[in-house]
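I opened this entry to keep track of what I looked up. The notes follow the order in which I went through the model.

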Amino acid sequence: MATAKPICSVALQGQKEKSKIATQQDMSMPTRYMKHPLQSRWALWFYKNVKSKTWHANVRLITKFDTVEDFWALYNNIQIASKLMSGCDYSLFRDGIEPMWEDYRNKCGGRWLITFSKQQRHTELDRFWLETLLCLIGESFGDYSDDVCGAVINIRAKGDKIALWTTHAENRDAVLHIGYWEQHFWQLACGHGLKRVYYRIYHRLRT
């Protein structure tokens, strides 16, 4: 009685045979892997709160990317947000914009903010953060996508936050459009209505 081969072995052999045929058909045309470019280049930053250091010393640039494939390669190989230590942040901003209010492209803006309870950290936080990242790199805000600077996730002992930063707080149409669609995407991510979502203008954060 013949012994059946494992499915994975059969599949690998099939791929090997297809590869041989393709090679024999045209040795002069090697397969080229084409990446899918994004409209913008993005930078991921990481912040860890070390009290003996300044804010600038605590934040560092992780990497930059401008293709769909490079985004997923990054996302799948870093610690997910819910596993970060309290006091840590991830920030994803357009290349050239630093994740600080003093950056001239941020200082006249504000942020859409959603807060999470400690209980939500392991049930909803990662899903909301990923949805936010996809909205950013997918330029999901139509004509107002350029008004979005980036997003920040704060991991804190009392509760976590996700913020979407915009560049011109006085541009009411842009702020409301971005807020409407971001809440829509967040609702799709969680499957129910949202609470604790609001917009704060930067100069009011300082008072």
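I placed Leu 134 in helix α4, residues 121–137. Leu 134 has a relative accessible area of 32%, so I noted it as partly exposed (buried is under 20%, exposed over 50%, partly exposed in between, with a 1.4 Å probe and protein chains only).

**Basis of the notes.** The model is predicted: local features need pLDDT of at least 70 and side-chain atom pairs count only at pLDDT 80 or more, while totals for chains, interfaces and linings use all residues. Residues are numbered from 1 along each chain as its sequence is written, and side-chain values use heavy atoms, with hydrogens and water left out.

**Chain overview.** I noted 6 helices and 7 strands in the protein chain. Helices (H or I, at least four residues) and strands (E, at least two) are DSSP runs numbered from the N terminus. Along the sequence the pattern reads α-β-α-β-α-β-β-α-β-β-α-β-α. Of the 207 residues in the protein chain, 42% are buried.

**Helix pair.** At what angle do α3 and α4 pack? I found about 160° between helix α3 (residues 68–75) and α4, with the axes 12 Å apart. This makes α3 roughly antiparallel to α4. Axes are lines fitted to C-alpha atoms, for helices over the stretch in contact, and angles run from 0 to 180 degrees between N-to-C directions. Angles under 35 degrees count as roughly parallel, over 145 as roughly antiparallel, 65 to 115 as roughly perpendicular and the rest as oblique.

**Salt bridges.** I noted 8 salt bridges in the structure. A salt bridge is a side-chain nitrogen of Lys or Arg within 4 Å of a carboxyl oxygen of Asp or Glu.

I looked up Asp 66 and Arg 41, whose closest N and O atoms are 3.3 Å apart in a salt bridge. Asp 66 is in strand β2 (residues 59–67) and Arg 41 in strand β1 (residues 37–48), so to speak distant parts of the chain, 25 residues apart. Asp 66 is partly exposed at 30% relative accessibility, and Arg 41 is partly exposed at 38%. Arg 41 and Asp 66 also belong to a network of salt bridges with Lys 64 and Asp 95.

I then turned to Arg 156 and Asp 89, which meet in a salt bridge at 2.9 Å, N to O. Arg 156 lies in the loop between β5 (148–154) and β6 (160–166) and Asp 89 in strand β3 (residues 88–94), so the pair ties together parts 67 residues apart in sequence. Arg 156 is partly exposed at 28% relative accessibility, whereas Asp 89 is buried at 9%.

Are Asp 160 and Arg 121 buried or exposed? Asp 160 is buried, with a relative accessible area of 0%, and Arg 121 is buried at 15%. Their side chains meet in a salt bridge at 2.7 Å, N to O. Asp 160 is in strand β6 and Arg 121 in helix α4, 39 residues apart.

**Last look-up.** I ended at Ile 114 in strand β4, residues 110–116. Ile 114 is buried at 2% relative accessibility.
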